[in-house]
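Keep the viewer open as you read.

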Amino acid sequence: MYSKGQIVFSKSGRDKGRAFIVYDYNDTYVFIVDGDLRKLEKPKKKKKIHIQISKHIDEEIKNKLENELYILNSDIKKALAKYNNKMQRDCEGGREPWQRTM
């Protein structure tokens, strides 16, 4: 299921393959941000079927979102950059992290 602060990937649209962080969600939609094209002020509303979830949850972002603390777009960018750097080191066979089988 979805959790605030979780890293997800877009499976369709012009942002296909791009990493985002879950800002909020409801029964049908997930609201995602990346701090760059999709900022906190205007999160992307995407249907759940168009999202590939990952198991990684950024705890710092999650705590800020759940406790309604002040959060910046730069915090989102840093969290995604940290995740992307970790995945580049761990990447197996040149596949994208969301394409790997676990």
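## Aromatic pairs

Tyr25 is partly exposed, with a relative accessible area of 34%; buried here means under 20%, exposed over 50%, and partly exposed in between (1.4 Å probe, protein chains only). Before going further: this is a predicted model, where local features need pLDDT of at least 70 and side-chain atom pairs count only at pLDDT 80 or more, while totals for chains, interfaces and linings use all residues. Residues are numbered from 1 along each chain as its sequence is written, and side-chain values use heavy atoms, leaving out hydrogens and water.

How many aromatic pairs are there by the ring rule? The count comes to two, where rings of Phe, Tyr and Trp (its six-membered ring) pair if their centres lie within 6.5 Å, with planes under 30 degrees apart called stacked, over 60 edge-to-face and the rest tilted. Tyr2 and Tyr25 make a tilted pair, 6.5 Å centre to centre with 40° between the planes. Tyr2 sits in the segment before strand 1 and Tyr25 in strand 2, so the pair ties together parts 23 residues apart in sequence. Tyr2 counts as buried, at 13% relative accessibility. Phe9 and Tyr83 form a tilted pair as well, at 6.2 Å centre to centre and 50° between the planes. This pair links distant parts of the chain, with Phe9 in strand 1 and Tyr83 in helix 2, 74 residues apart. Phe9 is buried at 4% relative accessibility, and Tyr83 is buried at 6%.

## The sheet and its helix

Those strands belong to an open sheet of five, in the order 4-3-2-1-5, with antiparallel pairing. Helices (H or I, at least four residues) and strands (E, at least two) are DSSP runs numbered from the N terminus, and two strands pair if DSSP finds at least two bridges between them. At the edges are strand 4 (44-47) and strand 5 (51-57), each pairing on one side only. Neighbouring strands are turned by 45° against each other on average, direction ignored. Helix 2 (residues 73-90) packs on the sheet, touching strand 1, strand 2 (19-25), strand 3 (29-33) and strand 5, and its direction makes about 130° with that of strand 2. Contact means heavy atoms within 4.5 Å; axes are lines fitted to C-alpha atoms, for helices over the stretch in contact, and angles run from 0 to 180 degrees between N-to-C directions.

Going through the pairings, strand 1 (residues 6-10) meets strand 5 over four antiparallel bridges, and Ser10 has Ile51 in strand 5 as its bridge partner. Strands 2 and 3 form a hairpin with three residues between them, and Ile21 is bridged to Val33 in strand 3. Strand 3 also pairs with strand 4 over four antiparallel bridges, with Val30 partnered by Lys46. The charged end of Lys45 sits over the ring of Tyr29, 4.3 Å from its centre; the rule asks for NZ of Lys or CZ of Arg within 6 Å of the ring centre and within 35 degrees of the ring normal.

Beyond its neighbours within four places in sequence, Asp34 is in contact with residues including Phe20, Ile76 and Leu80.

Gly17, in the loop between strand 1 and strand 2, is partly exposed at 26% relative accessibility. The C-alpha atoms of Gly17 and Ile51 are separated by 9.6 Å, at 34 residues apart along the chain.
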